[in-house]
Amino acid sequence: MSRRTRRTVQIAAATALLVTAATACNAAAKNDSSSDASGSGKSFTLVTPDAVGQNEFLKLAITGLKSAAKEHDGSQKVYQSTDTASQQQNVQAAVDAKPDVIVLVGFEFADIVAQQAEKNPKQQFLIIDACTTKTFKNVSCAVFREHEGVYLAGAEAGLLSESGKVGAVDVLDTPQFRRYSDPFAAGAKKVAPKTTADTRFVGGQSPFDDSARAKEQANTLLSKGTDQIMAAAAAGNYGVFEAAKAKGAYAYGVDVNQCTSSPGTVVDNVIKRTDVAVQKGIESVLAGKTGTVSYGLKEGGISLTGLEDGVDSSQCVIADHKDVLTKVKELRDQIVAGKLTVDDPAAS
């Protein structure tokens with residue numbers, strides 16, 4: 001997984017108190033006002049943890065915000081952060097503006113929101129892909145069941161593997177991170193029972209940014225005959241892709257379409273639909289339904305690039321295997337219907 005393409009594993013780690021906030025040079029926050037501020041409906045503000053740029057994960061969140069604003073004939077505003085200081089500044093600016101809902105993306109905002117929610121009990125907050133440790137009546141959270149999508153990616157790997165050996169390069173050996181490795185193995189074994197699986201962990205001083213260590217772990221798997229690798233190594237994903245490409249093996253990305261970074265090597269991606277979580281989350285808040293909502297395959301919050309429109313132009317290897325996609329769709333439908341349950345390594 002790329003560092004913030006998106007930080008899925010980092011967010012999970014934050015929930016487990018494993019990640020500290022990133023620090024950088026203090027830069028001024030960027031305020032992007034969009035939509036018609038004079039709209040007669042509701043007002044929504046989104047705060048990002050990083051500059052949006054070409055970050056598809058954050059761009060999807062903005063799409064969800066715009067959809068909500070349009071649906072309510074309202075207005076929307078986006079504050080782009082660049083570091084921890086601007087994150088705090090942006091949240092304060094959003095609170096001062098008193099919109100109907102303030103949406104924040106990422107674990108970086110959990111502590112900030114906890115403080116602001118207590119001081120501003122009438123302000124509604126929606127955190128995407130994370131949550132506060134303490135429960136607040138004015139804080140809603142949208143989290144994802146990533147393991148369901150990883151299971152489907154594992155099924156693809158099991159169907160495509162020639163060696164019968166699949167593996168994963170994960171950030172750390174914790175239940176939260178094993179959401180990206182254990183279900184991958186389970187999915188592969190579901191469709192090919194004789195499949196063997198192995199997981200390697202990046203670890204070290206900078207597990208989320210160490211492409212070299214991630215590549216090294218991928219090469220260890222490859223040396224044992226693994227030909228399908230789930231990449232959940234944050235920025236290290238690119239190291240995994242390089243290793244797989246050099247050996248003629250295949251890899252799987254996360255959060256957004258990473259096939260474009262290594263065409264012919266990346267088979268598919270486990271996609272987090274932040275647009276769905278933002279739009280549906282806002283609807284729930286406006287309806288007075290606060291709390292934590294989990295988004296998986298059934299809710300459309302988790303998917304695969306191969307199951308989305310536009311797969312033929314995605315540059316993903318799976319586009320050339322329609323037969324595999326047919327079988328994966330059957331598994332997806334079973335999960336959605338409740339006929340197949342994917343074990344969650346992070347479940348207590």
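**Entry 1: burial and overall make-up**

I call a residue buried when its relative accessible area is under 20%, exposed when it is over 50%, and partly exposed in between. The model I am reading is a predicted one. I looked up burial for the whole chain first. Of the 348 residues of the protein chain, 54% count as buried. Next I looked up the secondary structure. The protein chain has 10 helices and 13 strands.

**Entry 2: disulfides**

How many disulfides does a search of the whole structure find? I found two. I numbered the bonded cysteines in sequence order and read the pairing as 1-2, 3-4.

I took Cys-131 and Cys-141 to begin with. Their sulfur atoms are 2.0 Å apart, and they form a disulfide. The torsion about this S-S bond is about 70°, so I noted the disulfide as right-handed. Cys-131 sits in the loop between β5 (124-128) and β6 (139-144), while Cys-141 is in strand β6 itself. The pair therefore ties together parts that are 10 residues apart in sequence. I also checked accessibility for both partners. Cys-131 has 30% relative accessibility, so it counts as partly exposed. Cys-141 has a relative accessible area of 2%, so it is buried.

I then took Cys-259 and Cys-316. Their sulfur atoms are also 2.0 Å apart, and they form a disulfide. Here the torsion about the S-S bond is about 100°, so this disulfide is right-handed. The pair links distant parts of the chain, 57 residues apart. Cys-259 lies in the loop between β10 (250-255) and β11 (266-272). Cys-316 lies in the loop between β13 (302-304) and α10 (322-336). Are these two cysteines buried or exposed? Cys-259 is at 0% relative accessibility and counts as buried. Cys-316 is at 4% and counts as buried.

**Entry 3: a six-stranded sheet**

I traced an open sheet next. Six strands form it, in the order β8-β7-β9-β10-β11-β13, and the pairing is mixed. Which strands stand at the edges? They are β8 (196-201) and β13. Each has a single partner strand, so one side of each is left without a neighbour in the sheet.

Strand β7 (residues 165-170) and strand β9 (residues 228-232) run parallel, and five bridges join them. In this pair I found Val-166 opposite Gln-228 in β9. What packs on the sheet? I found helix α5 (residues 146-160) there. Helix α5 touches β7, β9, β10, β11 and β13. The direction of α5 makes about 165° with that of β11.

**Entry 4: Ser-161**

I followed the chain on to Ser-161, in the loop between α5 and β7. Ser-161 has 15% relative accessibility, so it counts as buried. Which residues does Ser-161 touch, not counting residues up to four places away in sequence? I listed Val-166, Asp-227 and Gln-228. Val-166 and Gln-228 are the residues I had noted opposite each other in the sheet. With Asp-227 there is a polar contact, side chain to side chain, at 2.7 Å.

**Entry 5: aromatic pairs**

I searched for aromatic pairs and found four in the structure. I wrote up two of these pairs, starting with Phe-177 and Phe-208. This pair is tilted, with 6.1 Å centre to centre and 55° between the planes. The pair links distant parts of the chain, 31 residues apart. Phe-177 is in the loop between β7 and α6 (182-191), and Phe-208 is in the loop between β8 and α7 (211-223). Phe-177 is at 0% relative accessibility and counts as buried. Phe-208 is at 8% and counts as buried.

The next pair I wrote up is Tyr-238 and Phe-241. Their ring centres are 5.9 Å apart and their planes are at 90°, so the pair is edge-to-face. Where do these residues lie? Both are in helix α8 (residues 237-247), three residues apart, about one turn of the helix. Tyr-238 is at 33% relative accessibility, so it counts as partly exposed. Phe-241 is at 2%, so it counts as buried.

Definitions and conventions
Residues are numbered from 1 along each chain as its sequence is written. This is a predicted model: local features need pLDDT of at least 70, side-chain atom pairs count only at pLDDT 80 or more; totals for chains, interfaces and linings use all residues. Side-chain values use heavy atoms; hydrogens and water are left out. A disulfide is a pair of cysteine sulfur atoms within 2.5 Å. Helices (H or I, at least four residues) and strands (E, at least two) are DSSP runs, numbered from the N terminus. Buried means under 20% relative accessible area, exposed over 50%, partly exposed in between (1.4 Å probe, protein chains only). Two strands pair if DSSP finds at least two bridges between them. Contact means heavy atoms within 4.5 Å. Axes are lines fitted to C-alpha atoms, for helices over the stretch in contact, and angles run from 0 to 180 degrees between N-to-C directions. Rings of Phe, Tyr and Trp (its six-membered ring) pair if their centres lie within 6.5 Å; planes under 30 degrees apart count as stacked, over 60 as edge-to-face and the rest as tilted. A polar contact is a pair of N or O atoms within 3.5 Å; within protein, one must be able to donate a hydrogen and the other to accept it, and residues adjacent in sequence count only if both atoms are side-chain atoms.
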